[in-house]
Amino acid sequence: MRKANKNIGIYHLASDLALRVLLAGCVLLALFLVQPQALAKPRIVALPYRSVNGLILIEAKANGNPVTLVMDTGANHTIIDAKSCGYTPTPGIDVITSGVGMSGNALRLRVDVEIGKQFLFSQPVSVMNLDELSHRLGTPFDGLLGQDILRQFRSIRINYKRHVIELQD
């Protein structure tokens, strides 16, 4: 009888150990399945800018072509000059500015926009002739970086002392 009790005790110890190993394995598996973003510190990229006539200008690429974009937090959509992204401007897409903001005819086309050699956005943007607007603002630029791209970041901070825009994804 004593031998039977001893075997039952060993059986309980073995099953208890197996249960603990299984539980530890499940915990380790769960840690591996957790999204890396949940464990990792958010990435912040410092994007250099220059300021001209109160405008914040950043260097980027549109369809692989180097462009200078004005950071425009008031623009709902990104606007790229037709020539800058490889399109021939057609008559009738000149900018008409009046009061606050601007209006004009634009084409909505998918453009690859690369910012800071880190972020690539392939999405529809407004494509139009921005020559007149660039002339009126007194500095050459190739487009406006609008909220449609800016809001894809968790946060955007302008560090005026270092002349960088800090993009957190």
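## An aromatic cluster

F119, F121 and F153 come together as one aromatic cluster. Rings of Phe, Tyr and Trp (for Trp, the six-membered ring) are paired here if their centres lie within 6.5 Å, with planes under 30 degrees apart called stacked, over 60 edge-to-face, and the rest tilted. This is a predicted model, where local features need pLDDT of at least 70 and side-chain atom pairs count only at pLDDT 80 or more, while totals for chains, interfaces and linings use all residues. Residues are numbered from 1 along each chain as its sequence is written, and side-chain values use heavy atoms, with hydrogens and water left out.

Two aromatic pairs turn up in the structure. Helices (H or I, at least four residues) and strands (E, at least two) are DSSP runs, numbered from the N terminus. The other pair is F121 with F153, again edge-to-face, at 5.8 Å centre to centre and 80° between the planes. Here too distant parts of the chain are linked, with F121 in strand β9 and F153 in the loop between α4 and β11, 32 residues apart.

How covered are these rings? F119 and F153 are both buried, and F121 is buried as well. Buried means under 20% relative accessible area, exposed means over 50%, and partly exposed is in between (1.4 Å probe, protein chains only).

## Further along β9

Strand β9 also holds S126. This serine has a relative accessible area of 11%, so it counts as buried. Leaving aside residues up to four places away in sequence, S126 touches H77, T78, I79, I80, A106, L107 and R108. A contact here means heavy atoms within 4.5 Å.

## Strand β4 and its partners

Strand β4 (residues 65-71) is mostly covered, with five of its seven residues buried. On one side of the pairing list is strand β3 (residues 55-62), which runs antiparallel to β4 and is joined to it by six bridges. Two strands pair if DSSP finds at least two bridges between them. β3 and β4 make a hairpin with two residues between them, and N63 in the turn has a positive phi of about 50°.

β4 also pairs with strand β10 (residues 143-145), this time in parallel and through three bridges.

## Salt bridges

The count of salt bridges comes to six, taking a side-chain nitrogen of Lys or Arg within 4 Å of a carboxyl oxygen of Asp or Glu. One of them joins D131 to K83, with the closest N and O atoms 2.7 Å apart. D131 lies in helix α3 (residues 131-137) and K83 in the loop between β5 (79-81) and β6 (95-97), so this pair ties together parts that are 48 residues apart in sequence. D131 is partly exposed at 40% relative accessibility, and K83 is partly exposed too, with a relative accessible area of 43%.

Then there's a network of salt bridges linking R157, R162 and E166. E166 pairs with R157, the closest N and O atoms being 3.0 Å apart, and R162 pairs with E166 at 3.3 Å between the closest N and O atoms. What about cover for these residues? E166 is buried, at 14% relative accessible area, whereas R157 counts as partly exposed at 38%.

## The whole protein

Stepping back, the protein has four helices and twelve strands. Of its 169 residues, 31% are buried. Among contacts between residues at least 6 apart in sequence, 61% join residues at least 24 apart.

The protein exposes about 11100 Å², and carbon and sulfur atoms supply 60% of that. Accessible areas come from the Shrake-Rupley method with a 1.4 Å probe, and for residues only the protein chains shown count as cover.
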